[in-house]
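The following exercises are to be worked with the sequence and the coordinates at hand. Each task is followed by a solution in steps.

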Amino acid sequence: MSSISHILPSWVLTHGPALLVVLPLLMAVLVALLPSKNTGAEKIAWMAVLSTAIICAFIAFGILGQVVSHGPVKYAMGGWEPPIGIGYYIDALSAPILLLITLIAVLCTLYALPSVVAEIEPKKRSPFYAAFLVSFAGLLGMVATGDAFNVFVFLEVSSLSTYVLVAMGASRDRRALTSAYKYLMMGSIGATFFVIGIGFLYMQTGTLNMMDIARILQDVGPDSRVVKLAFVFIVVGLGLKLAMFPLHTWLPGAYAYAPSFVTAFLAATATKAALYLLLRFGFTVFDPSWTFISKFFMYLLAGAGILGMLIASLQAIFQNDIRRVLAFSSVAQVGYMLLGIGMTTTLGLTAGYLHMLNHAMMKGALFLAVGAFWYRFGITQVSDMRGLGKTMPLTMAGFTIAGLSLIGVPGTAGFVSKLALVRAAAENGWWWAVGVIVVTSILAIIYIGRLIEQAYFQPAPKQGAATVAKNEAPMIMLIPLWILALSALVFGIDAEWTTGLAEAAAHVLEGGPILNTPPLSGGH
Amino acid sequence: MINFLMSFSPSFILIFAGVLAAFIPSYPGRKGLMIGAPTLALVLLNMIYLQAGASGTNEFIGGYFNVAGIELTTLRIDPLSWVWGNIFAFAGILNGIFALHEKCKITDTSALIYTGAGIGAVFAGDLITLFMFWELLALSSVFIVWRGGKESYPAGMRYLAMHVLSGVLLLAGALIYGKETGTYAFNHIGIDAPGGKLLLLAFGIKAGFPLLHNWIQDAYPKSSVTGTVILSVFTTKLAIYALARGFAGTEMLIYIGGVMTVFPVFFAVLENDLRKVLSYSLNNQLGFMVAGIGIGSSLALNGVAAHVVVDILFKGLLFMSMGAVLHRVGTAKASELGGLFRTMPLTTLFCLIGAGSISAFPMMGGFISKSMIIAAMFEEHHYVVFAMLLFASAGVLEHSGIKVPYFAFFSHDSGKRPQEAPWNMLLAMGIAAFFCLYLAFPWGGYQVLYNLLPHEVAGEAAFSPYTADHVIFQMQLLMGAMFAFTLLKRFGLYPPERRAQILDFDWTYRRLGLNIVKWIDAMWGRLGAQIKMLFGKMFGGIGRRLYQVFSPAGAFSQDAPSGMAAVLTAGMLAAALLSVYFF
């Protein structure tokens with residue numbers, strides 16, 4: 001990893017945290033300004049997005065290397081030291097998420113070239129790419145910043161552009177419009193709750209810098225009603241964003257009708273960034289050792305997780321639309337992560353975080369594959385998948401690998417994190433949770449098995465007299481799909497790296513509120 | 001290259017070959033894998049073991065993996081697992097030869113993975129690895145069951161359900177055991193260890209304990225010609241290995257084993273499908289092994305290991321011969337066969353050797369191993385179980401030793417004149433038959449087998465099967481059973497269609513027994529039907545309810561308006577606030 005930091009010029013790393021956010025934002029403006037009539041423009045826009053994503057991925061890699069070897073990275077925006085200016089703070093909790101977001105963005109962008117041509121009207125393509133860049137910048141900003149209000153700003157930046165992206169699915173299916181509207185409503189409620197919570201915190205502490213807030217909260221203690229109110233508003237607001245059951249109602253529609261590439265990107269990154277914020281606020285700003293917080297995690301968060309795992313899995317079984325099956329499965333998988341976090345033990349947090357990373361890989365691969373099915377055959381319904389094992393063998397094989405990983409078959413990444421979760425629950429004495437994990441895994445076998453059964457055991461549909469001919473997805477769509485599917489396999493066989501990252505993150509969370517300020521590495 | 005191949009469990013070679021076979025379109029290529037991969041595994045595991053032996057230990061431990069913080073040991077070759085590994089790999093080769101004529105990709109792939117999983121599980125050094133191979137074994141074998149055609153599909157589902165249940169119990173037991181004792185290592189567990197009962201139950205399902213045994217007779221006879229042969233080797237013998245490793249000397253197993261040897265006898269005598277008869281006798285042979293494990297002395301455990309080796313050979317041989325009949329005639333039902341010896345003389349000969357071996361005739365396979373277990377039982381003064389084993393030995397002669405070959409190849413002439421079995425089947429049967437005879441050969445044959453056994457017993461204590469009292473005792477037993485057969489010959493004057501039923505010790509008792517069994521069967525059938533209806537109603541109702549609630553049109557999944565969602569959010573906020581204030 002240190003070799004990568006050598007490739008980049010040193011100033012790139014020094015200003016890495018700022019570049020991560022500023023670069024996509026600037027590029028978004030340029031891309032938005034591209035002429036929309038010219039057909040070459042969309043290719044240029046795509047190149048711009050791809051190169052931005054690749055550069056950001058390198059920076060994120062470099063930052064992760066720095067965090068692993070030298071500890072947390074601090075950066076003062078514009079040289080203004082916090083608490084006056086905005087401080088960026090990246091540690092072992094946030095660095096892997098940054099890398100995840102940027103890598104998924106690179107893969108999804110590769111995939112986007114044919115997929116956007118098929119799904120978006122020509123004149124909207126450049127603005128579409130611009131909106132994607134804004135959303136990308138917002139997600140990175142949310143994760144990188146160390147300033148509570150700045151979090152809200154980036155949360156809104158990414159959300160607003162995401163609503164637009166979802167609505168763009170309208171040229172494929174008009175239902176995208178109502179879904180986007182609903183997402184807008186719910187997302188706004190969530191953001192409002194969040195900003196109300198930040199307001200309460202500001203009222204109590206007089207600062208917006210997270211570390212300052214944490215320090216002052218330690219003096220205030222757990223009995224302040226304002227602090228309690230702030231905690232509840234922030235957690236419920238974030239719960240909406242991360243699709244915690246029962247606040248998930250916006251998610252299936254948004255995932256089902258957004259353009260394929262947007263769905264894959266959102267499923268792999270958006271809820272993960274919100275979950276990161278929940279960890280950031282719940283463990284390192286507030287003090288998880290306070291009774292009301294630990295009880296809240298144990299009863300409400302784990303409880304919502306368990307309910308989500310069961311009910312959303314059952315819902316996934318009965319869906320007709322493939323993307324809705326996967327969307328409900330996402331809600332259930334968020335339940336697994338919340339269950340791990342709700343345990344608040346080292347093993348539980350490690351398992352939850354690990355599942356977050358692994359889930360991003362496999363769900364990304366699944367949605368990319370479904371997008372490819374639509375691209376070739378216009379498939380959206382489960383019953384239309386019949387014979388895909390013959391007609392699109394490579395795509396379907398990638399889908400199957402990721403699906404097996406979602407079920408948790410040994411040898412896949414999903415198994416590693418589920419096993420970690422089972423161990424954590426057993427160590428905690430939560431035997432009922434072990435039972436629920438086993439039951440929901442069986443439900444996952446049913447809802448994924450249903451799709452795989454259609455593809456491999458049903459004959460391909462007839463077209464006139466002959467069966468439909470083999471029509472594999474284009475190479476540029478297959479490559480990202482297979483990279484994600486293979487990574488789900490690789491990290492299932494050798495999970496040392498991902499487990500190490502998750503353990504480092506759990507270590508940060510266990511340390512409780514971050515009060516001391518490490519030396520600055522950047523800024524002027 | 002060799003060093004690289006010796007650095008991990010040989011099972012991965014087989015599993016890899018299985019995956020490869022799924023992508024090889026050429027049929028000779030796949031067949032090469034089917035025979036080559038088990039051969040390579042056999043050679044490698046012996047090289048690894050010999051290398052360990054050269055460095056002074058009789059145990060090789062390696063193949064470490066680290067998954068989610070648990071260190072997995074995927075390769076542990078010691079004297080016990082070595083025996084099983086050898087015979088599994090050897091059986092893999094025999095199966096490959098026997099299936100040489102078959103052009104089915106699914107069977108090839110799953111047979112290789114199944115063999116690999118069996119060997120992997122035997123070499124597993126910890127319970128988590130065991131669990132993974134345990135599940136892989138179930139998943140890969142169910143495809144073999146499904147090759148049997150339409151009827152095998154529900155049987156396969158039932159089979160899968162049993163084995164997944166067994167795997168879940170194993171995982172639960174392993175977790176409890178690991179948490180309480182701090183180690184996942186798979187050594188002696190004992191029934192009183194934390195999680196021990198769960199593990200015993202998990203092993204018991206796979207070993208076909210009484211009342212948990214039905215999957216064997218349900219699934220095995222319904223598979224394809226080659227499928228049944230492949231299936232009969234690994235699953236149950238793996239369970240015997242796990243029991244021998246984890247529960248040797250558990251007294252309960254003596255009685256369980258005793259019951260296991262006796263009850264299949266009745267069913268086997270009444271059964272018409274000869275492959276099902278063999279499935280019952282499989283259960284009965286497992287009973288001998290389980291009882292031997294229950295005793296747990298070196299002699300008994302040696303007997304179990306020897307019996308596993310010999311049983312895989314002769315039971316495989318019998319299943320192969322019935323497979324050959326099924327392949328040529330299209331049925332293995334006793335009532336539709338008969339007189340096949342005219343055109344299938346070699347198959348008949350091999351079947352007779354297998355039948356003699358399973359009945360433990362001196363000079364044939366079963367004699368040298370079964371007598372060890374029975375002798376150990378006598379030495380430990382378990383006279384009741386001893387008597388049960390004797391009765392079961394006679395019963396084996398009755399249903400497997402006489403009934404199977406008699407009805408298939410002799411009996412009344414069915415008029416069928418099928419061709420002799422294909423050359424590859426004959427070759428596989430010939431090899432198995434040769435070893436059945438060779439391993440029982442008094443002058444230099446059985447010593448080879450005894451040298452393989454895990455516990456070294458030398459000098460005075462060494463067991464010698466060919467003593468006068470052993471041989472005479474066994475011959476008395478067999479002659480007694482033969483006497484029943486002589487009676488049968490006389491009843492052979494009865495009209496031919498009734499012949500199928502006259503094959504037991506005593507006509508009256510048989511009649512009575514048959515009627516009791518028939519009555520139980522009828523009652524059981526009625527009860528089963530009632531329960532099935534009840535469950536059908538219940539689950540049908542539950543399914544409908546679930547659909548009503550969760551389907552896209554259901555109450556839970558209807559597209560709720562945003563207002564509704566906002567109210568939910570407010571509710572969540574209220575709940576959170578209340579909880580925070582009251583905690």
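**Exercise 1. Confidence**

Task: State the model scores, and determine where in chain B confidence is lowest and where it is highest.

Solution. 
- Step 1. The scores of the predicted model are ipTM 0.79 and pTM 0.61.
- Step 2. The mean pLDDT of chain B is 80, and 91% of its residues score at least 70.
- Step 3. Confidence in chain B is lowest in helix 1 (residues 2-5), with a mean of 67, and highest in helix 4 (residues 79-98), with 89.
- Step 4. Over residues 493-510 of chain B the pLDDT stays under 50; for this stretch the model has 20 contacts beyond four places in sequence.

**Exercise 2. Architecture and cores**

Task: Describe the make-up of chain A, and identify which residues touch the most other members of the largest nonpolar core.

Solution. 
- Step 1. Chain A contains 21 helices and four strands.
- Step 2. Of the 524 residues in chain A, 63% are buried.
- Step 3. Taking contacts in chain A between residues at least 6 apart in sequence, 81% connect residues at least 24 apart.
- Step 4. The largest nonpolar core has 233 residues, and A:Leu98, A:Leu133, A:Leu140 and A:Ala365 touch the most other members. Helix 15 (residues 346-377) of chain A gives the most to this core, namely 19 residues.
- Step 5. Not counting residues up to four places away in sequence, A:Leu133 touches A:Pro24, A:Met27, A:Ala28, A:Val31, A:Val49 and A:Thr52. Another core, of 182 residues, lies apart from the largest one and has B:Leu33, B:Trp134, B:Ala300 and B:Leu453 among its members.

**Exercise 3. The interface**

Task: Determine how many residues of each chain are in contact with the other chain, and which helix of chain A gives the most to the side that touches chain B.

Solution. 
- Step 1. The contact involves 40 residues of chain A and 33 residues of chain B.
- Step 2. On the side of chain A, at least two residues each come from helix 8 (175-205), helix 10 (225-241), helix 11 (250-257), helix 13 (291-318), helix 18 (413-428) and helix 21 (496-510).
- Step 3. Helix 13 of chain A gives the most, with 11 residues.
- Step 4. By class, this side of chain A has 26 nonpolar, eight polar and six charged residues.

**Exercise 4. Buried or exposed?**

Task: Classify A:Ala243, B:His381 and A:Gly141 as buried or exposed.

Solution. 
- Step 1. A residue is buried at 20 or more other C-beta atoms within 10 Å, and exposed at 12 or fewer.
- Step 2. A:Ala243 has 27 such atoms and is therefore buried.
- Step 3. B:His381 has 7 and is therefore exposed. Its phi is near 65 degrees, a positive value in a residue other than glycine, and it is placed in the loop between helix 15 (365-379) and helix 16 (383-409) of chain B.
- Step 4. A:Gly141 has 24 and so counts as buried. It is found in helix 6 (residues 125-144) of chain A, and beyond its neighbours within four places in sequence it contacts A:Val21, A:Phe154 and A:Val157.

**Exercise 5. A helix pair in chain B**

Task: Characterise the packing of helix 14 and helix 17 of chain B.

Solution. 
- Step 1. Helix 14 (residues 345-358) and helix 17 (residues 423-438) of chain B pack at about 35 degrees, with axes 10 Å apart. The crossing is left-handed.
- Step 2. The contact includes B:Phe350 and B:Gly354 of helix 14 and B:Met429 and B:Gly430 of helix 17.
- Step 3. By class, the contact has eight nonpolar, four polar and no charged residues.

Note on methods: Residues numbered from 1 in each chain as written. Chains lettered and ligands numbered in written order. Predicted model: local features only at pLDDT ≥ 70, side-chain atom pairs only at ≥ 80, totals over all residues. Contact = placed C-beta atoms within 7 Å. Nonpolar A, V, L, I, M, F, W, Y, C, P; charged D, E, K, R; others polar. pLDDT = per-residue confidence, 0-100. Core = buried A, V, L, I, M, F, W, Y, C linked by C-beta atoms within 7 Å. Axes fitted to C-alpha atoms, helices over the stretch in contact; angles between N-to-C directions. Left-handed = near helix turned anticlockwise from the far one by under 90°.
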